[in-house]
Amino acid sequence: MPFIPVILWTDALIYLLLALIALFVWYVRGRPHLVAPWRRVAQSKSGMVAATVLAAYLMAGLLAQEGISTRVFNENAQGAMGEIPFTQAYPEVWVVEDAQFTRARGILNEFESSAPTATLTVCDRCGEQNPGNFELCWQCGEALS
Ligand SMILES: [Zn+2]
C-alpha cells in the first residue's frame, strides 16, 4: 500500500504562519534599525508598554479585575509602524487615577514574575536573552537548551 501524504489546509496555514514568522525574523536580523527596537522590547522592564494590543488589553483586564481604571492608547497605531517611530506606535496602558499607579505596578509585577516569560534563557551562539518559553533564539534561530 503506497504512502500518500495528506496536508490539511489548517496545517498548511500553520506552516505558512511559521514560515512568515521565520521570514520576518530573517528580514529583521539583517537590519540594525529594526533589531534595535526589538532588542529594546525584549529588555524592557516597563509593564506599561505592552508588546501587542492583546497584551495591553490583558493587562487592562487584569487591572480592571482589581478595580483599577485604565485607558489603552495607540491600539490603532500598529499600522503606522515603520512610518512613525516604533516607540510611538506601541500600545500603552495608562492608569486613570495617579493614586492607583503604585498598586497597579505591583499587580503587573506579580503577573510578570509568574508568567512563563519571567525566566530568561541566554543564547549560546549570540548571547541574546530570550523568554524562558522560547525554543529557538529570536535573534539568530539557534536552538535554546
Ligand atoms: Zn542567538
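Hi everyone, this is a short walk through one protein chain, from its overall layout to one pair of helices.

Please keep in mind that what you see is a predicted model. Let's start with the overall picture. The protein chain has 145 residues, and 10% of them are buried. Its secondary structure consists of four helices and four strands.

Now to helix α1, which covers residues 9-29. With 21 residues, helix α1 spans 30 Å from first C-alpha to last, close to the 30 Å expected at 1.5 Å a residue. Is α1 buried, or does it lie largely in the open? The number of buried residues among its 21 is zero, so α1 lies largely in the open.

Next, the helix pair. In general, two packed helices are described by the angle between their axes and the distance between the axes. Here we have helix α3, residues 53-65, and helix α4, residues 101-114, whose axes come within 10 Å and cross at roughly 120 degrees. Because of that angle, α3 counts as oblique to α4. The crossing of α3 past α4 is right-handed.

Which residues make the contact? On the α3 side they are M59, L62 and L63, and on the α4 side A104, I107, L108 and F111. Sorted by kind, the residues of this contact are seven nonpolar, with no polar and no charged ones.

Methods. Residues numbered from 1 in each chain as written. Predicted model: local features only at pLDDT ≥ 70, side-chain atom pairs only at ≥ 80, totals over all residues. Axes fitted to C-alpha atoms, helices over the stretch in contact; angles between N-to-C directions. Helix = DSSP H or I, 4+ residues; strand = E, 2+ residues; numbered from the N terminus. Parallel < 35°, antiparallel > 145°, perpendicular 65-115°, else oblique. Left-handed = near helix turned anticlockwise from the far one by under 90°. Contact = placed C-beta atoms within 7 Å. Nonpolar A, V, L, I, M, F, W, Y, C, P; charged D, E, K, R; others polar. Buried ≥ 20, exposed ≤ 12 C-beta atoms within 10 Å, placed from the backbone. Expected span 1.5 Å × (residues − 1).
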